[in-house]
Amino acid sequence: MEMQASTADLSSDAKVVETYHEDAVHDAQFDFYGSKLATCSSDRTIRVFDVQKGEAVGAGETLVGHEGPVWQVAWAHPSFGTILASASYDGKVFIWKNESTNGSYGSGGWARIKDHALHTASVNAIAWAPHELGATLACASSDGRVSVLTFNEDGSWSVDLVAAHPGGCHAVSWMPVSTATTEPGAPMMCRLATAGCDAVVKIWEFSEEHNRYVEIDQLKQHRDWVRDVAFAPSLGLARTYLATASQDRTVLIWTQDTPNDPWKCTPLLPGAKAEDRTKFADTVWRVSWSVSGNVLAVSCGDGKVSLWKENLKGDWECISEYVCPVN
């Protein structure tokens, strides 16, 4: 039975969050348990809210220090504590920790524990590695480099710098550990994907032999800047899935059966016309997987968010579409 896409207006059933920001909001992220919400804005601030019964409570706590718009926030795995990272146009990444005894906000419990300022241009994206690899954060910058920041057991921080994309890097995503392991008992592979202005998606792996990240693959199907990359969580999936979104108005699903196999590419088909089936209506800015890894959300420049799922034949179908309200 073929799934039929439905269209909904978010204004009818969405819960509105008053963020108290004074300019455009660029990112909003729940923590691991869904009990906290962090937002960031062009007003140069981050706000952190408690979440109760699915709703943000109060005015939250404001974290300040960035000197430019804050593009992204990212929560670390709770095994490392209540830790939040933020990335900004000012070229800096801040790492914040809530050290209050009960984890509540409004008590001044947040402290900035690390200022990462090695980049010479805007830091556009950040992503924490799978917790099995330790407290490790990847940062993608317009200076063309990706930095990998790692917290060591002795309390120090180490940094690996990768010259990734000439002209600028827009996105970074880590491969889940379980899909990056070739066989039981083998060392965990440390792999990540990056994308940028060169229209190329690159796959990197940390080489113990060279003690650095080395490029192991290039995925070349997009025709314009690649805006986002996202590995799917590996829960119950038989292969590795990677979604990429581009300025060329396409979304590609890349699959790999084993870590050493070639990547296979399947485009999403949102277009109604046969000659333009792979094109969305506008630039595709973000892609995000469900927790189970079997549903992909696609955020497009026309104000629509569509949900996609792979059917039993291996084809990707749009199962729902949401129209964001316009004020």
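Trainee: Which residue takes a positive phi in the hairpin of β11 and β12?

Mentor: This is a predicted model, and in it G144 has a positive phi near 90 degrees. Three residues lie between the two strands of that hairpin.

Trainee: How many bridges join strand β11 to β12, and in what sense do they run?

Mentor: Strand β11 (residues 136-141) runs antiparallel to β12, and five bridges join them.

Trainee: What does β12 form with β13?

Mentor: β12 and β13 form another hairpin, with five residues between the strands. In that turn G155 has a positive phi of about 90 degrees. The pairing of β12 with strand β13 (residues 157-163) is antiparallel and covers seven bridges. On this side, L149 has V159 in β13 as its bridge partner.

Trainee: How many residues of β12 are buried?

Mentor: Five of the seven residues in strand β12 (residues 145-151) are buried, so the strand is mostly covered.

Trainee: Where does R44, a residue other than glycine with a positive phi, lie?

Mentor: R44, with phi near 75 degrees, lies in the loop between β3 (36-41) and β4 (46-52). A199 is a further case, with a positive phi near 65 degrees, and its place is in the loop between β15 (191-196) and β16 (201-207).

Trainee: Is R44 buried or partly exposed?

Mentor: R44 is partly exposed, because its relative accessibility is 43%. A199 has 13% relative accessibility and therefore counts as buried.

Trainee: Where does H66 lie, and what does its side chain contact?

Mentor: H66 is in the loop between β5 (55-63) and β6. Its relative accessible area is 5%, so H66 is buried. The H66 side chain makes a polar contact of 2.8 Å with the side chain of S86. A polar contact of 3.1 Å also joins the side chains of H66 and D90. Leaving aside neighbours within four places in sequence, H66 is in contact with several residues, including R44, I46, K92 and F94.

Trainee: Which residue stands opposite S86?

Mentor: S86 is in β7, and V73 stands opposite S86. Strand β7 (residues 83-88) pairs with β6 in the antiparallel sense, over five bridges. As for cover, five of the six residues in strand β6 (residues 70-75) are buried.

Trainee: Where is T19, and which residues does T19 contact?

Mentor: T19 lies in the loop between α1 (10-13) and β2 (25-30). T19 is buried because its relative accessible area is 14%. Setting aside neighbours within four places in sequence, T19 is in contact with V25, T39, R47 and F49.

Trainee: How many disulfides are there?

Mentor: Start with the general idea: a disulfide is a covalent bond between the sulfur atoms of two cysteines. The count here is zero.

Trainee: What is in the largest nonpolar core?

Mentor: In soluble globular proteins, nonpolar side chains tend to be buried together. Here the largest nonpolar core has 18 residues. Those with the most contacts inside this core are V251, I253, L268, W289, L296 and V298. The elements that give two or more residues to it are β19 (240-246), β20 (251-256), β22 (284-289), β23 (295-300) and β25 (316-323). A second, separate core has 16 residues, among them V146, V148, V162 and A164.

Trainee: What does V298 touch?

Mentor: Not counting residues up to four places away in sequence, V298 touches several residues, including V251, L268, F280, V284 and W308.

Trainee: How many helices and strands are in the protein, and how much of the protein is buried?

Mentor: The protein has one helix and 25 strands. Of its 327 residues, 46% are buried. The protein exposes about 16,100 Å², and carbon and sulfur atoms supply 49% of that area. Among contacts between residues at least 6 apart in sequence, 46% join residues at least 24 apart.

Methods. Residues numbered from 1 in each chain as written. Predicted model: local features only at pLDDT ≥ 70, side-chain atom pairs only at ≥ 80, totals over all residues. Heavy atoms only, no water. Buried < 20%, exposed > 50% of the residue type's maximum accessible area, 1.4 Å probe, protein only. Helix = DSSP H or I, 4+ residues; strand = E, 2+ residues; numbered from the N terminus. Pairing = 2+ DSSP bridges. Polar contact = N/O pair within 3.5 Å; in protein donor to acceptor, adjacent residues only side chain to side chain. Contact = heavy atoms within 4.5 Å. Disulfide = S-S within 2.5 Å. Areas by Shrake-Rupley, 256 points an atom, 1.4 Å probe, with all protein chains shown as cover. Core = buried A, V, L, I, M, F, W, Y, C linked by side-chain atoms within 4.5 Å.
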